[in-house]
Amino acid sequence: MLFAAIVCEIIGTSFMAIAARNGGYLGYIWMAGALALSYYLLSLALRGISVGVAYAVWEGLGLIGLTVVSVWLFGEKLVPQELIGLALALLGLTCVTLGEPHDEEAAA
């Protein structure tokens, strides 16, 4: 569920950028629908993942995924500082995720 929520977040935010650049309300409608679905799927993921970890992973991987889309789809360029920041965000997400209790630990 969390992965699907991340994909919907990336799609919704991409439509936001398209609508802002090209005008028209259809992009905003797609944006609202995808982001609403993203939040719904995130809420379902919270049944098995703590809210702090789920939100951090949702936001962090969404940021990284949206950056990839913006480079690929919109032709945006990244400067070295942005690449370092993305790498640090990924490292932080790894640390947060590794801190999440696993089933064996939760049962103890």
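In which hand of crossing does H1 pass H2? In this predicted model, local features require pLDDT of at least 70 and side-chain atom pairs are counted only at pLDDT 80 or more, whereas totals for chains, interfaces and linings use all residues. Residues are numbered from 1 along each chain as its sequence is written, and side-chain values use heavy atoms, with hydrogens and water left out.

The protein chain contains five helices and zero strands, where helices (H or I, at least four residues) and strands (E, at least two) are DSSP runs numbered from the N terminus, and the pattern along the sequence reads α-α-α-α-α. Its C-alpha atoms fill a box of roughly 55 × 35 × 15 Å along the principal axes. Of the 108 residues, 29% count as buried, that is, under 20% relative accessible area with a 1.4 Å probe and protein chains only. Among contacts (heavy atoms within 4.5 Å) between residues at least 6 apart in sequence, 68% join residues at least 24 apart.

The axes of helix H1 (residues 2–22) and helix H2 (residues 26–45) come within 7 Å and cross at roughly 160°, the axes being lines fitted to C-alpha atoms, for helices over the stretch in contact, with angles from 0 to 180 degrees between N-to-C directions. H1 and H2 are therefore roughly antiparallel to each other, a term applied to angles over 145 degrees. H1 passes H2 in a left-handed crossing, meaning that the near helix is turned anticlockwise from the far one by less than a right angle, with clockwise giving a right-handed crossing. The residues making this contact include Leu2, Ala5, Cys8 and Phe15 of H1 and Trp30, Met31, Leu41 and Leu42 of H2. They divide into 18 nonpolar, four polar and one charged, with Ala, Val, Leu, Ile, Met, Phe, Trp, Tyr, Cys and Pro taken as nonpolar, Asp, Glu, Lys and Arg as charged, and the others, Gly among them, as polar.

The axes of H2 and H3 come within 10 Å and cross at roughly 145°, and H2 passes H3 in a right-handed crossing. Ser38, Tyr39 and Leu42 of H2 meet Ala54, Tyr55 and Trp58 of H3 in this contact, whose residues comprise five nonpolar, one polar and no charged.

The largest nonpolar core has 15 residues, and those with the most contacts inside it are Leu2, Ala5, Ile6, Leu41, Leu42, Val57 and Trp58; such a core is a set of buried Ala, Val, Leu, Ile, Met, Phe, Trp, Tyr and Cys residues joined through side-chain atoms within 4.5 Å. H1, H2 and helix H3 (51–74) are the elements that give two or more residues to this core. Leaving aside neighbours within four places in sequence, valine 57 is in contact with Leu2, Ile6, Gly62, Leu93 and Thr97.

Methods. Parallel < 35°, antiparallel > 145°, perpendicular 65-115°, else oblique. Buried < 20%, exposed > 50% of the residue type's maximum accessible area, 1.4 Å probe, protein only.
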